[in-house]
Amino acid sequence: MSTSLKAGLTVGVVQQPAWPDKAQSLAASEAGIREAVSRGAQLVMLQELHATHYFCQFEDPALFDLAEPLDGPTGQRLEALARELDIVLVGSLFERRAPGLYHNTAVVYDRTKGRVGQYRKMHIPDDPAFYEKFYFTPGDHDAARNEGFTPIDTSLGRLGVLVCWDQWYPEAARLMALAGADLLLYPTAIGWDPNDDDAEKARQKEAWTLIQRAHGVANGLPVIVANRVGFEADHSGVGDGIHFWGGSFVCGPQGELLAHGGETAEQLVVTIDMARSENTRRIWPYLRDRRVDAYGDLTRRFRD
């Protein structure tokens, strides 16, 4: 990370609704990016699958038509915005990698350099209203090829980009930290079943916020999270749709909230003191005290 950024990095998070119409969704993304940049953001992150509705509520082979290659129209538009606005931009694509091979992919664009890396979602859920295994192949893990839990180098630092369901796994955050990530970033699409009662909704949202703040604490790193908002119907008629709860946030390396969104469209813009990671790790040296000699069973599914 450059010396000039150690004093402060201004980040922007775009929290928006999305629609089946890519043009409408991307127009909302662009407006949010421009607003964040007008408020000083140097690094802007969009939510998971921001260019479309959350289509994984049901299984329909026709929806694979929404996918694009990395250098398709959506990627080209995001790359052009990063260049024009002189920012680092983290976007999200339903990626068509090859015939019959699709990924949920976060893509990083660095100012005039264009696309400098991508992260293909590693943990793929398969739950009611979140049938992602039908659509997405997990990413490969090959550090030598900068695939999997490997940070992406940019002019603003090393970005530990993960995606949604990855956010529940401390192993993923730790591997990014061990590879030298300066920040953890989580583009997300998560919400409530309308049939859940208020108490259950509160528990779910609090757990979601808490686990990601805890990754910041455990690794001494700032965390940036972008979630979508609004109600999206299940057009198959099987489910009752999802109310995406928003709640995007930025926290520091001790889990302290620096910015926290509500349940409507908005842009969060906040300056992170990047020097605090070093100072925090000196006081709480978790990486120093890890018993790496005793953790071998973590590679097992379960200790029977």
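Analyst: Happy to. Let's start with what a strand is: helices and strands are DSSP runs, with at least two residues in state E for a strand, and they are numbered from the N terminus. Keep in mind that this is a predicted model.

User: Thanks. How many cavities of 30 Å³ or more does a search of the whole structure find, and which strand gives the largest share of the lining of the largest cavity?

Analyst: The search finds one cavity of 30 Å³ or more, and the volume of the largest cavity is about 80 Å³. Strand β3 (residues 88-98) supplies the largest share of its lining, three residues. In total 13 residues line the largest cavity, and Ala 51, Thr 52, Ser 92, Leu 93 and Phe 94 lie nearest its centre.

User: Now helices. Which residues of α4 are buried, and which are exposed on the other side?

Analyst: The general idea comes from the geometry: an α-helix has 3.6 residues a turn, so residues three or four places apart point the same way. Here, helix α4 (residues 198-219) has 22 residues and reaches 32 Å from its first C-alpha to its last, close to the 32 Å expected at 1.5 Å a residue. Its buried residues are Lys 201, Lys 205, Trp 208, Thr 209, Gln 212, His 215, Gly 216 and Asn 219. They lie on the same side of α4 because they cover an arc of only 120° around the axis. On the other side of α4, Arg 203, Glu 206 and Leu 210 are exposed. Just after the helix, Gly 220 has a positive phi of about 65°.

User: And strands: are the faces of β12 covered or uncovered?

Analyst: To read a strand, look at its two faces and then at its partners. In β12 (residues 223-226) both faces are covered: Val 223 and Val 225 are buried on one side, Ile 224 and Ala 226 on the other. Strand β10 (residues 183-187) pairs with β12 in the parallel sense over four bridges, and Leu 184 has Val 223 as its bridge partner. Strand β15 (residues 249-251) runs antiparallel to β12, joined by three bridges. There, Val 223 has Cys 251 as its bridge partner.

User: What is the strand order in the open sheet of three strands?

Analyst: The order is β11-β14-β13, with antiparallel pairing. Its edge strands are β11 (191-192) and β13 (229-232), each pairing on one side only. Four bridges link β13 to strand β14 (residues 242-245), where Gly 230 stands opposite Phe 244.

Technical notes. Residues are numbered from 1 along each chain as its sequence is written. This is a predicted model: local features need pLDDT of at least 70, side-chain atom pairs count only at pLDDT 80 or more; totals for chains, interfaces and linings use all residues. Side-chain values use heavy atoms; hydrogens and water are left out. Buried means under 20% relative accessible area, exposed over 50%, partly exposed in between (1.4 Å probe, protein chains only). Two strands pair if DSSP finds at least two bridges between them. On a 1 Å grid over the protein atoms alone, a cavity is a set of points where a 1.4 Å probe fits but cannot get out, and a pocket is an open set with protein on both sides within 12 Å along at least five of seven lines; lining residues have an atom within 4 Å of a point. Grid points are joined across faces, edges and corners, and a volume is the space filled by probe spheres set on the points. The expected span of a helix is 1.5 Å times one less than its number of residues. The arc is that of the directions from the helix axis to the C-beta atoms.
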